[in-house]
Amino acid sequence: MITNETKQRMTITEVAQIVGISAKTIMRWEKMGKIKKPKRDWRSWRVYDENDLTQIQQLHEILIEVE
């Protein structure tokens, strides 16, 4: 769920904590093409916005329903 505390730009660790999954899971979904590749900052670190967070949350919810 997106809260008022959600920042405009988030790291992969922050997104993983919000969704309740590991950062490695997000990287695996990205590699498999299940989510789009995020933007990168000047250090080449992944940078996520609210749209990316929503996409990851929706995929997580779909996968939870399947189990």
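Begin by selecting R43 and W45: the charged end of R43 sits over the ring of W45, 3.9 Å from its centre. A charge is said to sit over a ring if NZ of Lys or CZ of Arg is within 6 Å of the ring centre and within 35 degrees of the ring normal.

Before continuing, note that this is a predicted model, in which local features need pLDDT of at least 70 and side-chain atom pairs count only at pLDDT 80 or more, while totals for chains, interfaces and linings use all residues. Residues are numbered from 1 along each chain as its sequence is written, and side-chain values use heavy atoms, with hydrogens and water left out.

Colour the chain by pLDDT, the predictor's confidence in each residue, from 0 to 100. The mean for the protein chain is 90, and 88% of its residues reach 70 or more.

R43 counts as partly exposed at 38% relative accessibility, whereas D41, at 11%, counts as buried. Buried means under 20% relative accessible area, exposed over 50%, and partly exposed in between (1.4 Å probe, protein chains only).

The structure holds three salt bridges. For another of them, select E30 and R46, whose side chains meet at 2.8 Å, N to O. E30 lies in helix α2 and R46 in strand β2, so this pair ties together parts that are 16 residues apart in sequence. Helices (H or I, at least four residues) and strands (E, at least two) are DSSP runs, numbered from the N terminus. E30 is buried, with a relative accessible area of 8%, and R46 is partly exposed, at 21%.

Next, select K36 and D52, which form a salt bridge with their closest N and O atoms 3.2 Å apart. K36 is in the loop between α2 and β1 (39–40), and D52 is in helix α3, 16 residues away. D52 counts as buried, at 5% relative accessibility.

Finally, select helix α1 (residues 12–19), where I12, V15, A16 and V19 are buried. They cover an arc of only 100° around the axis, which puts them on the same side of α1; the arc is that of the directions from the helix axis to the C-beta atoms. What covers these buried residues includes α2, β2 (46–47) and α3, where contact means heavy atoms within 4.5 Å. Just after α1, G20 takes a positive phi of about 95°.

Technical notes:
Salt bridge = Lys/Arg side-chain N within 4 Å of Asp/Glu carboxyl O.
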